[in-house]
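Please read it beside the sequence and the structure shown here.

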Amino acid sequence: MRAREVQKRTGAHLRSGGDGVGAPPAYLCECLGSGPYHSAAPLSETVRRSKRLSCNFTGNINRPTMTDFELVLKAWKPIEADLKGNGGVVLTRLFQEHPETQQLFPKFAAIAPGDLAGNAAISEHGCTVLTKLGDLLHAKGNHADILKPLAKTHATQHKIKLQNFQLITEVIVKLMGEKGVDAAGQEAVRKVMQAVIGDIDNFYKEFGFQG
């Protein structure tokens, strides 16, 4: 949805009284994870952020600049310095913070929460995930040839929803922060990943999968 259309719909909704004085319309509540259209249970900042990002996929994506990619590759250095170790940490935290994601990996689904950390198979798979992600980041936006086959398998075989990419992005960004990456670097990573996930969404539609 274009910004002008959102503004127009929001203004019309509020002028008509909407859901209460000053209340945002339903479609904005749904995006932001707030208001009467959502569960009363509080959402984590990670989930709220992922919902905000997912709303952007229906509109114009703010494409990253070369400066963004430079910041991202700088932020990526402490991660790629130990792909296996960091890969294990990323997947372990993803499974611990969002247990439903563990079920997306059949070979890990039966591992007890207390046995996730240090699991060799999880570290190996985490290394594979981060290696592929590194290839995408180093492509600096020219990633269609890398991304399309990945999107195809995730759409047609694994059936992975877009929100899962958003969740793992936040896990990675948090780990980067722990390794000394500053706020500008973290936001650049989010911006680049927003564009990558938006491109995955486009490929998903091409393959007939609703992400």
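In what follows, Ala, Val, Leu, Ile, Met, Phe, Trp, Tyr, Cys and Pro count as nonpolar, Asp, Glu, Lys and Arg as charged, and the others, Gly among them, as polar. By these classes, the lining of the largest pocket divides into 18 nonpolar, seven polar and two charged residues. The model is predicted: local features need pLDDT of at least 70, side-chain atom pairs count only at pLDDT 80 or more, and totals for chains, interfaces and linings use all residues. Residues are numbered from 1 along each chain as its sequence is written, and side-chain values use heavy atoms, with hydrogens and water left out.

**Overall fold**

- The protein chain has nine helices and zero strands, where helices (H or I, at least four residues) and strands (E, at least two) are DSSP runs numbered from the N terminus.
- Along the sequence, the pattern reads α-α-α-α-α-α-α-α-α.
- Of the 211 residues in the protein chain, 40% are buried; buried means under 20% relative accessible area, exposed over 50%, and partly exposed in between (1.4 Å probe, protein chains only).
- Among contacts between residues at least 6 apart in sequence, 68% join residues at least 24 apart, a contact being heavy atoms within 4.5 Å.

**Largest pocket**

- The largest pocket holds about 710 Å³ of space.
- Among the 27 residues that line the largest pocket, Phe105, His125, Val129, His154 and Phe165 are the closest to its centre.
- On a 1 Å grid over the protein atoms alone, a pocket is an open set of points with protein on both sides within 12 Å along at least five of seven lines, whereas a cavity is a set of points where a 1.4 Å probe fits but cannot get out; lining residues have an atom within 4 Å of a point.
- Grid points are joined across faces, edges and corners, and a volume is the space filled by probe spheres set on the points.
- Helices H6 (120–138), H7 (144–156), H8 (162–178) and H9 each supply at least two residues of the pocket lining, and H6 gives the largest share, six residues.

**Largest cavity**

- The structure holds one cavity of 30 Å³ or more, and the largest cavity contains about 40 Å³ of space.
- Its lining consists of Trp76, Leu133, Leu137, Thr169, Ile172, Met176, Val189 and Met193.
- By class, this cavity lining has seven nonpolar, one polar and no charged residues.
- H6, H8 and H9 each supply at least two residues of the cavity lining, with the largest share, three residues, coming from H8.

**Helix H6**

- H6 has 19 residues and reaches 27 Å from its first C-alpha to its last, close to the 27 Å expected at 1.5 Å a residue; the expected span is 1.5 Å times one less than the number of residues.
- Ile122, Ser123, Gly126, Leu130, Leu133, Gly134, Leu136 and Leu137 are the buried residues of H6.
- These residues lie on the same side of H6, because they cover an arc of only 155° around the axis, the arc being that of the directions from the helix axis to the C-beta atoms.
- They pack against helix H4 (66–80), helix H5 (83–97), H7, H8 and H9.
- Ser123 in H6 has a relative accessible area of 14% and is therefore buried.
- Neighbours within four places in sequence aside, Ser123 is in contact with Lys84 and Gly88.

- H5 has 15 residues and reaches 20 Å from its first C-alpha to its last, close to the 21 Å expected at 1.5 Å a residue.
- The buried residues of H5 include Asn86, Gly87, Gly88 and Val90, and H4, H6 and H8 are among what covers the buried residues of this helix.
- H9 (residues 183–206) has 24 residues and reaches 35 Å from its first C-alpha to its last, close to the 34 Å expected at 1.5 Å a residue.
- H9 is mostly covered, with 17 of its 24 residues buried.
- Gly208, which follows H9, has a positive phi near 75°.

**Individual residues**

- Lys140, in the loop between H6 and H7, has a positive phi of about 55° although it is not a glycine.
- Lys140 counts as partly exposed because its relative accessible area is 34%.
- Lys159, in the loop between H7 and H8, has a positive phi of about 55° although it is not a glycine.
- Lys159 is partly exposed, at 46% relative accessibility.
- Leu150 is found in H7 and is partly exposed, at 22% relative accessibility.
- Leu150 and Ile200 are 50 residues apart in sequence and 8.6 Å apart in space, C-alpha to C-alpha.
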